[in-house]
Amino acid sequence: MLVIDRYKCAYCGACISVCKFNANELVETFVRVDEEKCTLCKMCVRVCPMGAISVEE
């Protein structure tokens, strides 16, 4: 499961643009993850400049 720390997230949209499965979406002031689309490829984890995204097992 992908976890986004809302206190660290700067809402830059990097995780949204890098996701080729369109699993991440910016909704007003937070990023929402569609778990059905997310494959846990971790591209968004690697690109996040704030280190706000992690994978929880």
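Let's start inside the fold: Asn24 is buried, with a relative accessible area of 6% (buried means under 20%, exposed over 50% and partly exposed in between, using a 1.4 Å probe and protein chains only). This is a predicted model, in which local features need pLDDT of at least 70, side-chain atom pairs count only at pLDDT 80 or more, and totals for chains, interfaces and linings use all residues. Residues are numbered from 1 along each chain as its sequence is written, and side-chain values use heavy atoms, leaving out hydrogens and water.

Asn24 belongs to strand β2 (strands are DSSP runs of E with at least two residues, helices are runs of H or I with at least four, and both are numbered from the N terminus). Setting aside residues up to four places away in sequence, Asn24 touches Leu2, Cys15, Ile16, Cys19, Val31, Arg32, Val33 and Cys44, where contact means heavy atoms within 4.5 Å. A polar atom of the Asn24 side chain also lies 3.1 Å from the backbone oxygen of Cys15.

Now for the nonpolar side of the story. The largest nonpolar core has 13 residues, and Leu2, Ile4 and Ile53 have the most contacts inside it. Such a core is a set of buried Ala, Val, Leu, Ile, Met, Phe, Trp, Tyr and Cys residues joined through side-chain atoms within 4.5 Å. Both β1 (2-4) and β3 (30-33) supply at least two residues each to this core. Ile53, leaving aside its neighbours within four places in sequence, is in contact with Leu2, Val3, Ile4, Cys15, Cys44, Val45 and Cys48.

What about the cysteines? The structure holds 0 disulfides, a disulfide being a pair of cysteine sulfur atoms within 2.5 Å. For Cys38, the nearest cysteine sulfur is that of Cys44, 6.1 Å away. The sulfur of Cys41 is too far for a bond, because the closest cysteine sulfur, in Cys19, is 6.0 Å from it. Cys41 is partly exposed, with a relative accessible area of 33%.

One last stop is an aromatic ring: the charged end of Arg6 sits over the ring of Phe30, 4.6 Å from its centre. That description requires NZ of Lys or CZ of Arg within 6 Å of the ring centre and within 35 degrees of the ring normal.

Methods:
Polar contact = N/O pair within 3.5 Å; in protein donor to acceptor, adjacent residues only side chain to side chain.
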